[in-house]
Amino acid sequence: MSDRTLRVGLLGCGTVGTAVTRLLHDHREDIARRAGCRLEVSKIAVRDPSKRREVPVHSSAFTADPVEVVDDPAIDIVCELMGGSEPAGSLILAAFDRDKPVVTANKELLSTRGRELFDASDAKGLDLYFEAAVGGGIPLVRPLKESLTAERLTSIIGIVNGTTNYVLTRMSENGMSFAEALGEAQRLGYAEADPTADVDGHDAAAKCAILASIAFNARVVAGDVYREGIGRVTTEDIEFARRLGYVVKLLAIAELHEERVAARVHPAMIPSEHPLAAVRDAFNGVFVEGPNVGELMFYGRGAGGEPTATAVVGDLVTVARNLLAGARGVGCTCFLERTVRPMSEMEGQYYILLRVEDRPGVLAEIASVFGRNDVSIKSVWQEGTGADAQLVFITHRAREGLFQQAVTELGGVRAVEEVRSILRVEAEE
Ligand SMILES: NC(=O)c1ccc[n+]([C@@H]2O[C@H](COP(=O)([O-])OP(=O)(O)OC[C@H]3O[C@@H](n4cnc5c(N)ncnc54)[C@H](OP(=O)(O)O)[C@@H]3O)[C@@H](O)[C@H]2O)c1
């Protein structure tokens, strides 16, 4: 082991940053053996340096000026854990400018400005590691990027947002409404006071973009990902799903179709025997498929200070080893200019719940709309009678664009009082 100490400059010391400083301190001997040198946090930028923090770092290490951290010639590695696009993006670019490798957990930034950051790291031959940006404590980036180099992955299906998985689990297992389950998630600290990024699928879409980019060597940004949140899923949908042998999950799906990438995030029914159906509460699970390796599943805690910090520290150790060796790890692997397959071309099965007039001939009117649009019905049944009459349909595989056209046309059918719910059904027919 070298007697050298590499100095880490932290940008941010919140949930993850705090846990990173503690792990680096508590496991310093073991980390030193693996890194080949000591790793020490010597400067930390935060918004409020006067705030009391339970970290094993002297208060003099704190500053309110993140540029000071990046500029400090004594800092060898910059670790960005402040989140958001700016100033994080400019600070990472400034770190490369000063020949410092970077470790980050910032999915928002990578899923929108990944190209800019990786171009800058490539130009300087510097490491940019980001294991913690997807799946928190679950090793995903390195397995996909390095261990599976020889594989040509075909699909990734993941539960990558713990908040929404917790909410859907409580709705399924305790019969809670969406609002009740979200309230409980907030009380327990699984959901933010403003849960929009999770509930509306933005967080999952950012992770989906990163996973799709790594898996298919493509540049996929968050805006390329079709996105629907869980705000419209009802306990009624979940009950119908259960009766049919399905559970409802918010899925992030990335697939390769004729060399084009399809990426989407939406709630969906999956068979209750699918491995992802067993991913409950705030846990994450990612199911990966390829022709050689077959099926792989990654499971664990996708967020939280300590789990996420283990991924950050793992990256810091790798980056430190590379620095000592005068080498660089695997750089950007998004070298193919793949196009994104539009959602309208996606093919899938659907569940649709309609409130309808209860009279003869209604089913035939609705079936003709589906038929005209090439959507064939796999099963249908009626729930309730009179003013409460509802029809539940499960379709065979249909093209998304045609299915949506049928839904639009159903809005003009007099017998259809309301299209109450639509969910995709992810199942092998
Ligand atoms: N939390 C998780 O479970 C988790 C999981 C995976 C990935 N991540 C990612 O990890 C990153 C950090 O998340 P977190 O949960 O640790 O966030 P956090 O608790 O909100 O902490 C953010 C830290 O950055 C500091 N900061 C923010 N803006 C700043 C600025 N302009 N100048 C200086 N300091 C600034 C804050 O200072 P103050 O302390 O003074 O406010 C705070 O210390 C994010 O990119 C997030 O997406 C988090």
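Which element gives the largest share of the lining of the largest cavity? In this predicted model, that element is α6, with 4 residues.

**Close-up 1. The largest cavity of the predicted model and its volume.** The count of cavities of 30 Å³ or more comes to 1, and the space within the largest cavity is about 80 Å³.

**Close-up 2. Residues that line the largest cavity.** The lining is made up of L128, Y129, F130, E131, V141, R142, K145, E146, D315 and V330. Two elements each give two or more residues to this lining, namely β6 (128–129) and α6 (141–147), and α6 provides the largest share, with 4 residues. Sorted by class, the lining residues comprise 5 nonpolar and 5 charged, with no polar residue among them.

**Close-up 3. The crossing of helices α13 and α14.** Helix α13 spans residues 362–372 and helix α14 spans residues 400–410, and their axes come within 8 Å of each other while crossing at roughly 145°. The crossing in which α13 passes α14 is right-handed.

**Close-up 4. Residues in the contact between α13 and α14.** On the α13 side the contact is formed by I366, V369, F370 and R372, which meet F403, A406, E409 and L410 of α14. Taken by class, this contact of α13 with α14 has 6 nonpolar residues and 2 charged residues, and no polar ones.

Conventions:
Residues are numbered from 1 along each chain as its sequence is written. This is a predicted model: local features need pLDDT of at least 70, side-chain atom pairs count only at pLDDT 80 or more; totals for chains, interfaces and linings use all residues. Side-chain values use heavy atoms; hydrogens and water are left out. On a 1 Å grid over the protein atoms alone, a cavity is a set of points where a 1.4 Å probe fits but cannot get out, and a pocket is an open set with protein on both sides within 12 Å along at least five of seven lines; lining residues have an atom within 4 Å of a point. Grid points are joined across faces, edges and corners, and a volume is the space filled by probe spheres set on the points. Ala, Val, Leu, Ile, Met, Phe, Trp, Tyr, Cys and Pro count as nonpolar, Asp, Glu, Lys and Arg as charged, and the others, Gly among them, as polar. Axes are lines fitted to C-alpha atoms, for helices over the stretch in contact, and angles run from 0 to 180 degrees between N-to-C directions. A crossing is left-handed if the near helix is turned anticlockwise from the far one by less than a right angle, and right-handed if clockwise. Contact means heavy atoms within 4.5 Å.
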